[in-house]
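Let's take a walk through this protein together. Have the sequence and the 3D view open, and follow along.

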Amino acid sequence: MDLRRLRPVSLVLSVALLSACAGHQSALDPQGPVAERITLFFWIMVSVAGVILALVLVLLVAGQFRGWRQRQHRPLTYIQSRNLVIAAGLVMPVVVLLAFSLSSAATDRVLGKPLPEDALTIEVIGHQWWWEVHYLDNRQNRIVTTANEIHIPVGQPVRLLLKSADVIHSFWVPNLNGKTDLIPGKTNTSWVQADRSGTFRGQCGEFCGLQHARMAFLVEAQPAAEFQAWLDRQKQPAATPADPALARGQEVFLSSQCIMCHSVRGTRAQGRVAPDLTHFGSRQTLAAASVPNSRGHLAGWILNPQSIKPGNFMPPTQLAPDDLSALLDYLHSLR
């Protein structure tokens with residue numbers, strides 16, 4: 001085989017492998033102190049394992065080469081065998097495990113460090129298959145409710161209270177932290193901090209049912225002033241539409257089955273089993289980050305949600321074209 005023909009293939013594979021190390025959902029591209037510590041621990045383990053593997057391969061090749069040159073079988077003496085067992089079977093494992101244990105303890109110390117009492121606290125509840133998000137005040141009261149999208153201020157530690165409403169899920173933002181399980185009947189805690197502005201993608205890290213792979217979310221890290229402005233807007237109920245077309249859309253929403261599950265603060269829609277839609281129009285995605293929050297995707301989601309996310313619990317809604325258009329206008333006006 002002409003190896004020169006393989007050069008383009010190897011180049012493409014190399015670029016693909018390197019590109020996978022960065023991005024908005026990469027554990028190898030840490031953007032905060034928690035992820036940085038976990039990534040450091042990962043590289044320590046990979047480096048030590050690599051050195052051991054290389055050492056074994058070198059000894060194997062050296063032994064083969066020596067046997068080939070001498071052409072004579074020369075077994076190790078008792079002393080040599082004993083020393084080899086002590087060095088490779090006792091001393092080396094103890095040193096390696098001790099180094100890993102100390103490094104793991106140092107990592108756990110960062111992950112479990114206490115946060116300031118006044119640190120921003122966010123409660124995240126996992127559902128099959130979406131994320132309910134509540135921002136809490138200093139008295140642990142819910143002051144803002146949203147879904148599938150978490151905003152945090154840059155450079156500040158954020159406490160996370162993680163719960164589940166049904167089965168075991170796992171909260172994971174590879175750029176910002178490691179996995180923490182959400183267990184029914186229990187509250188687990190974790191924390192994140194982003195050292196730069198940006199959008200990072202999170203993903204459920206524990207198989208939790210048919211649509212586990214499409215149970216994602218976005219973390220938007222913003223400068224402190226920008227985050228506070230966002231939080232203040234989220235505290236407000238939905239404004240009553242002044243535009244007749246939007247008012248028509250609100251009427252369609254309030255007269256449909258949507259209000260059985262969804263809530264829009266400021267209206268009589270007070271459903272609690274599906275995402276709060278009070279500021280739905282400001283979100284970047286829908287169906288737990290499955291598709292962009294565009295007019296076309298939203299229409300498809302309302303009419304036939306199974307076509308986007310098979311197995312989800314949202315029923316289809318039959319609407320006349322004019323009613324659907326008015327409803328889309330209204331939902332996207334909720335900002």
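Start with Gln140, which sits in the loop between S2 and S3. Helices (H or I, at least four residues) and strands (E, at least two) are DSSP runs, numbered from the N terminus. Phi of Gln140 is near 70°, a positive value in a residue other than glycine. Before going on, keep in mind that this is a predicted model, where local features need pLDDT of at least 70 and side-chain atom pairs count only at pLDDT 80 or more, while totals for chains, interfaces and linings use all residues. Residues are numbered from 1 along each chain as its sequence is written, and side-chain values use heavy atoms, with hydrogens and water left out.

Now hop to another loop, the one between S1 and strand S2 (130-136), where you'll find Trp129. The peptide bond that leads from Gln128 to Trp129 is cis, with omega near -5°.

Arg142 and Glu123 form a salt bridge, and their closest N and O atoms are 2.9 Å apart. (A salt bridge is a side-chain nitrogen of Lys or Arg within 4 Å of a carboxyl oxygen of Asp or Glu.) This pair links distant parts of the chain, since Arg142 belongs to strand S3 (residues 142-147) and Glu123 to strand S1 (residues 120-127), 19 residues apart. In total, the structure holds seven salt bridges.

On to the helices. Two packed helices are described by the angle between their axes and the distance between the axes. Axes here are lines fitted to C-alpha atoms, for helices over the stretch in contact, and angles run from 0 to 180 degrees between N-to-C directions. Take helix H2 (residues 33-70) and H3: their axes come within 9 Å and cross at roughly 170°. That makes H2 roughly antiparallel to H3, a label for angles over 145 degrees, with under 35 counted as roughly parallel, 65 to 115 as roughly perpendicular and the rest as oblique.

What about H5 and H7? The axes of helix H5 (residues 244-254) and helix H7 (residues 321-333) come within 7 Å and cross at roughly 100°, so these two are roughly perpendicular to each other. Residues that meet here (contact means heavy atoms within 4.5 Å) include Leu246 and Phe253 in H5, and Leu327 and Tyr330 in H7.

Finally, go back to helix H3 (residues 78-111), and look for Leu90 there.
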